[in-house]
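Subject: Handing over the structure, with notes

Dear colleague,

I am passing this structure on to you, and below it you will find my notes. Please keep the picture open while you read, so that you can follow each point.

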Amino acid sequence: MSGRHPFTLLALAAALPALAWTLPTPWGAAGTVAVALLLCLLTPGASPGLVVARRALFTAAPFWLFLFLLHERATAVAIALRLSTMIASLVWLVAILPPPRLVEALVAAGYSVHFAFLFAATLSAVPALRARAQHIIDAQRCRGLATRGGPLTRLRALGALALPLVLSALHDVDERALALATRGLSAGARRTPLAPPPDSMTERVLRWALVFGCVAAVAGRVLWRA
Amino acid sequence: MSIRLLALIPVAVAINLALSAAVDAVGLPLFLDTTGTILATALAGPVVGVATGVLTSVTNSFRNPTFLPFVAVQVLVALYAWVAARAGLFRSLTVAIPAGLGLGILAAAASTPISYKIFGCSTSGGVTMITLLGRKLGMSDLLACAFSAFVTDFGDKAVTFGLVATVLHALPKRTAARFPLALRSIGAA
């Protein structure tokens, strides 16, 4: 499955929750969650299937508890199955689709280089800024910043932690803009992907079949209710 | 879109997602996960703000898939912040904090149908407990859900607006002038 085109993987991960919300409960959603968990179990590569399936189940478990606290059994099961489908599908997608491969597919499909840049730059900026946040917290604690106490003390401490983080992040914008301008990232520039993921007719047909399947499920549901 | 504004978007998304570390350190019941969206809008307008909000939801859903359905709230936050910036509501804390409270009401109203329809009001342990409390007080399911959304969003958005106003005022004038809306947001243009 990991060799499939990124758009096919995206289509499958989107179709399963769409079907879970459309098909009659509980059996429709039970079927979609079973498929999603099976996909998780079959995940190859660095994260073995059992690890991926366990991650999906651990993420979904609190919702089951909260839903049984809030709703009667039938409603809780119906919502929980739908949510579990959504969670398992996205956990599977994250495990099987490396973001750089998606970016390559987007560029190869003719999407703007800006679009690809935004996606790739965000994925690299988040862990870097999180690490900087931790450095600022450690540095401010070393200087004697009290992070415990009454709400006002905590709010003041929050300002002392958040302000340097946000200001330093904004300072980076100019450097990034300069680097991008130097590398010729301007509107209309077309990048050549080094290793575009192969796309076959079978996969295109599969993607359209998923779209038509979802539309048919919605139409069927509307007609059934009418 | 200029390269500077393009470079601002990933940084603003990272601000949205990295501030949780600061919140955890002080142990306050806040999210601050729209700070980057509001800041980007106040600096550069609604297109940059909406792009930041959408990208935040997508990126956050890689960590926790339940964030994805709330993308509409991020878009609403960006549009509200744009109106606030054009009106110069970041010019002082005394104006920014009430404007943030207004956003809290709007954000709660926007997130309630999503939370109710998709999650059955079970988005987190805290929300579940507040919804249960609402029910004990005699509220209907939907009203209890709105009550929990209101309690969690109200203070958070006020603090977020206050933080963004503080950041905008702390920016050197030369840096602020490089962004199209920054000076207007703080009432300096």
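From the N terminus on, in what pattern do the elements of chain B run? They run α-α-α-α-α-α-α-α-α, where helices (H or I, at least four residues) and strands (E, at least two) are DSSP runs, numbered from the N terminus. Chain B accordingly has 9 helices and 0 strands.

Before going further, please note that this is a predicted model, in which local features need pLDDT of at least 70 and side-chain atom pairs count only at pLDDT 80 or more, while totals for chains, interfaces and linings use all residues. Residues are numbered from 1 along each chain as its sequence is written, and chains are lettered from A and ligands numbered from 1 in the order in which they are written.

The two chains

The radius of gyration (taken over C-alpha atoms) is compared here with a globule rule of 2.2 Å times the number of residues to the power 0.38. For chain B the radius of gyration is 17 Å, close to the 16 Å that the rule gives for 189 residues, so chain B is as compact as a globular protein of that length. Taken along the principal axes, the C-alpha atoms of chain B fill a box of roughly 55 × 35 × 30 Å. A residue is called buried if 20 or more other C-beta atoms lie within 10 Å of its own, exposed if 12 or fewer, and partly exposed in between, with C-beta atoms placed from the backbone; of the 189 residues of chain B, 59% count as buried.

Chain A comes to 8 helices and 0 strands, and its pattern along the sequence is α-α-α-α-α-α-α-α. Its radius of gyration is 23 Å, whereas a compact globule of 226 residues would have one near 17 Å. The C-alpha trace of chain A spans about 65 × 50 × 40 Å along its principal axes, and 35% of its 226 residues count as buried. Chain A is divided into domain 1 (6-104 + 193-225) and domain 2 (111-182), with bounds that come from an automatic or database domain assignment. The C-alpha centres of domain 1 and domain 2 of chain A lie 33 Å apart.

Where the chains meet

Two residues are in contact if their C-beta atoms, placed from the backbone, lie within 7 Å. The contact between the chains takes 49 residues from chain A and 41 residues from chain B. On the side of chain A that touches chain B, helix 3 (49-70), helix 4 (73-96), helix 6 (113-142) and helix 7 (151-182) each supply at least two residues, and helix 7 of chain A gives the most, with 18 residues. The residues of this side divide into 37 nonpolar, 8 polar and 4 charged; here Ala, Val, Leu, Ile, Met, Phe, Trp, Tyr, Cys and Pro count as nonpolar, Asp, Glu, Lys and Arg as charged, and the others, Gly among them, as polar.

The nonpolar core

A nonpolar core is a set of buried Ala, Val, Leu, Ile, Met, Phe, Trp, Tyr and Cys residues joined through C-beta atoms within 7 Å. The largest one has 136 residues, of which Trp92(A), Leu8(B), Ala22(B) and Ala42(B) touch the most other members. Helix 1 (residues 3-26) of chain B gives the most to this core, with 18 residues, and the core also draws at least three residues from each of domain 1 and domain 2 of chain A. Not counting residues up to four places away in sequence, Ala42(B) touches several residues, including Phe90(B), Val164(B) and Leu181(B).

Is Ala105(A) buried or exposed? Ala105(A) counts as buried because it has 22 C-beta neighbours inside 10 Å. Ala105(A) has its place in helix 5 (residues 99-108) of chain A, and the buried residues of that helix pack against helix 1 (6-22) and helix 6 of chain A. Ala105(A) and Ala195(A) are 90 residues apart in sequence and 8.8 Å apart in space, C-alpha to C-alpha. Helix 5 of chain A is followed by Gly110(A), whose phi is positive, near 95 degrees.

Arg73(A), in helix 4 of chain A, counts as exposed because it has 9 C-beta neighbours inside 10 Å.

With best wishes
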